[in-house]
Structures are given as structure tokens and as C-alpha cells.
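Here is a brisk report on one protein model. Keep the sequence and the 3D view open while reading.

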Amino acid sequence: MAILDLGADTLGNLNKQTTQARAGASRRTVHRRTVLKGLAAGAVLGPASALTSGGTAEAAAGYHLAVVDQNSRTVRIFDRDAERWNDDAVIWSFAGKEPWLGKKWWSDLSDVKIRKTQARGRIALVCASGGAAGIVQVRRGEHTDSDNDLIWQAYPDDNPHSIERIPHNGSILTASSKGGKNLQLYSPKNPDSIDDFDSYEKVNSWRFPGAHGILWDPRTKNEVSKGVLWVLGDGKLVGYKVKGSGQNTDLDVWREVAIDHPGAKMGHDLQPDFTMRGHLLLTDSKGVYRYDVNSNDKVISNPIWAKGRVKSIARHPVTKEYIWVVGSPETGEMGTQVSIGKDLGTPTHERGWPEARFYKARIFSPDYE
């Protein structure tokens with residue numbers, strides 16, 4: 001696979017390129033083993049350390065990104081500071097195994113979120129447009145064993161685009177862009193055993209045309225049960241309150257926000273702005289928008305970047321860098337590179353390769369805001 005060399009990173013360390021070049025392959029191997037050991041031990045990487053420690057110089061010097069590539073059908077975690085995103089830069093990866101019946105459930109991976117559970121540590125929430133959704137244990141090793149590390153799996157079908165887990169409740173929700181049951185809810189049989197993923201069952205579904213993004217907003221750090229579940233679809237962003245527990249879990253509409261502009265209003269991505277607590281970043285057919293959940297505004301109309309086909313958006317809490325993916329018709333609406341920069345549309349670094357078909361790029365952090 002040909003790799004595009006798009007330049008070395010300069011984030012807080014001008015001598016890093018020279019150091020890495022001198023170190024050679026052996027040092028890269030030691031670094032990867034050290035990082036993997038940290039993953040196994042539950043060490044905090046990059047943005048997570050920044051969010052929990054208030055932002056240190058070490059945290060600002062580098063972080064990790066979880067990237068969905070539909071061509072290789074993988075989710076991979078890369079070092080943001082790696083000169084090239086090749087095999088040496090892969091810290092962890094997942095590829096879903098297809099069932100023997102031949103249905104390509106795991107084709108066209110569409111989302112990944114890193115979350116943390118009390119019993120299992122870090123997990124990756126993943127879904128694919130082919131119809132599957134799952135929870136993967138993030139453990140030591142460059143590649144997962146799908147049979148052992150895929151600890152929960154379901155088939156919401158109808159083009160799943162996003163997945164989220166409610167932290168205090170344990171329920172899992174998927175958002176699919178097609179069909180009449182766009183939002184699907186999976187909950188544990190025992191509300192006191194939310195980490196027992198073997199007991200989860202589908203308990204409800206709702207219609208939400210064009211559902212593409214779903215995100216838990218804790219609202220407060222100390223009372224996560226008072227949070228809001230946000231869903232992005234065609235022309236609207238809706239906040240739901242989560243009621244009940246276990247298989248009595250339900251959703252109530254808390255706020256509905258219209259996305260108002262001429263032309264198509266197809267939503268794409270929904271993420272927190274880690275630099276501004278209580279602010280969401282979202283993308284649709286016309287651009288990237290920021291929404292202040294404390295403003296009580298009922299209309300979103302002015303983009304912070306008027307750019308079409310932005311499939312993925314994120315922002316780092318310490319460096320304040322945006323991370324985005326822009327698709328094109330020539331690549332099936334996917335992107336061939338992940339762009340990084342403090343100003344949207346003006347990347348200072350880009351990572352990728354011609355055969356890549358990136359759909360999402362996430363900051364490797366279990367934090368919700």
C-alpha cells in the first residue's frame with residue numbers, strides 16, 4: 001500500500017523528526033510495545049490525560065487518533081505525531097469478522113467511539129453501514145481477535161452510521177440513516193449489571209429520518225444521569241432525556257433544534273468540542289457548525305466553516321487543533337486523508353494514502369466532553 005508522505009509534525013517538538021530518524025526501526029518497535037503496554041494497563045493516552053489533569057505540556061506534545069477506513073475495513077489507532085501512517089504507526093486495530101452465511105455486516109465501517117467501563121476498562125463502540133454494531137475490548141496487541149475481543153454485537157441494519165452508550169444506564173443506541181426504525185435501543189436485563197454485555201437485548205426503536213450522529217452529553221460531571229442524548233439527522237438536532245433503567249429504558253424529547261439553510265440538510269457527524277465545555281460540533285451537507293447546549297437556541301444556521309462533504313469533525317482540548325475528513329464523489333464520498341490544523345480548512349498536517357477511504361477520525365479519549 002503506497003503511503004503519502006505529507007510532512008513531519010511540529011507540535012511542540014521541533015527536533016522530533018531528527019530524533020525519530022536516528023532512532024530507526026528498533027526504537028519504533030520499543031515505542032509501540034510501550035504504548036501497547038500502557039493500553040493493557042489502562043494508561044491514559046493523549047487527550048484523556050489532558051482532560052483529567054487539566055492539560056500538561058506532555059499531553060500537548062502528542063495524542064492518538066482512532067480512524068475508520070472503509071477500504072481496509074478496519075478501525076485503527078494511530079499516533080498523531082507519526083511521520084507516516086503506515087504499519088509501524090498502528091497502535092491498535094479492529095476488523096469485524098463476517099458470519100459464515102456470507103452477509104457483509106461489517107462492510108463500510110462508519111463510526112468508532114472510545115468509552116470506559118468500570119468492569120472492562122476501555123472499550124471501542126463501532127458500527128458499519130453493512131448492518132452491524134459492536135463493542136470491542138481495547139486490550140494489548142496491535143490487532144484484535146474478533147472472536148474474543150468483540151464482547152457485544154447486534155445487527156440494527158438500515159445503514160448504521162453511529163453508536164453511543166449511556167454511562168450511568170449502560171444502554172446502547174445505534175443511529176441508522178435508512179428505514180423506519182432509525183434509532184435502536186439495547187439494554188441489559190439486569191439494570192444493576194450494566195457491564196454484563198451477554199444480557200443485552202433490543203427493547204425499543206424510534207423513527208428519526210437520516211439519523212447519522214448520536215452523542216451523550218453529560219451536562220454535569222457529577223450527575224451524569226441528568227445528561228442529554230443528542231441525535232443528528234436530516235435538518236435537525238434533537239436532545240433526549242433518558243428515563244428508566246434496564247429494559248424499561250425510554251427516551252423523552254428534551255429539545256429540538258432545526259438546522260436552517262437552503263438546499264440539502266443531510267447530517268453527517270456529531271462530536272463534542274473538547275475546548276469548550278457544553279459545545280457540540282456537527283457537520284451536514286453545507287458545513288461545520290458549533291452549538292452551545294446552554295444557549296437554548298432552537299435554530300442552527302451559521303456555519304463556522306461553509307464546506308460540503310465534511311464527514312468527520314473533532315477538536316483537541318489542549319492543542320485546540322481541529323481534526324477533519326472531507327469526502328469527494330470520486331472516492332465514494334470518503335476521504336483519502338485526515339487533516340489537522342488550528343483553522344478549519346487550513347491544515348498544517350495531513351495523514352493518509354491514495355487508497356484510503358476515511359470516514360471518521362476520533363480523538364482517542366473516553367471523555368464525553
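## Basis and overall make-up

This is a predicted model: local features need pLDDT of at least 70, side-chain atom pairs count only at pLDDT 80 or more, and totals for chains, interfaces and linings use all residues. Residues are numbered from 1 along each chain as its sequence is written, and side-chain values use heavy atoms, with hydrogens and water left out.

The protein has 4 helices and 24 strands. Both are DSSP runs numbered from the N terminus: helices are H or I with at least four residues, strands are E with at least two. Of the 369 residues, 54% count as buried. Buried means under 20% relative accessible area, exposed means over 50%, and partly exposed lies in between (1.4 Å probe, protein chains only). Among contacts between residues at least 6 apart in sequence, 52% join residues at least 24 apart. A contact means heavy atoms within 4.5 Å.

Two strands pair if DSSP finds at least two bridges between them.

| Strand pair | Bridges | Residues facing each other |
|---|---|---|
| S12 and S13 | 5 bridges | Tryptophan 216 and leucine 229 |
| S13 and S14 | 5 bridges | Leucine 229 and tyrosine 240 |
| S14 and S15 | 8 bridges | Lysine 236 and alanine 258 |

Strand S13 (residues 228-233) is largely enclosed by the rest of the structure, because 6 of its 6 residues are buried. Val228, Trp230 and Leu232 point one way from S13, while Leu229, Val231 and Gly233 point the other way. S13 and S14 form a hairpin with 2 residues between them. Glycine 235 in that turn has a positive phi of about 75°.

Two lysines lie over aromatic faces. Lysine 236 is over phenylalanine 208, at 4.8 Å from the ring centre. Lysine 241 is over tryptophan 254, at 5.6 Å from the ring centre. A charge sits over a ring if NZ of Lys or CZ of Arg is within 6 Å of the ring centre and within 35 degrees of the ring normal.

Strand S4 (residues 109-117) has 8 of its 9 residues buried, so it is largely enclosed by the rest of the structure. S4 pairs with strand S5 (residues 121-128) in the antiparallel sense over 8 bridges. The two form a hairpin with 3 residues between them. Valine 112 has valine 126 as its bridge partner in S5.

## Aromatic pairs

The whole structure holds 11 aromatic pairs. Rings of Phe, Tyr and Trp (its six-membered ring) pair if their centres lie within 6.5 Å; planes under 30 degrees apart count as stacked, over 60 as edge-to-face and the rest as tilted.

Tryptophan 105 and tyrosine 155 form a tilted pair, 4.4 Å centre to centre with 45° between the planes. Tryptophan 105 lies in the loop between S3 and S4, and tyrosine 155 in the loop between S7 and S8, so the pair ties together parts that are 50 residues apart in sequence. Tryptophan 105 counts as buried at 17% relative accessibility. Tyrosine 155 is partly exposed at 38%.

Tryptophan 152 and tyrosine 186 form an edge-to-face pair, because their centres are 5.2 Å apart and their planes stand at 75°. Both residues are buried. Phe78, Trp85, Trp353 and Phe358 form one aromatic cluster.
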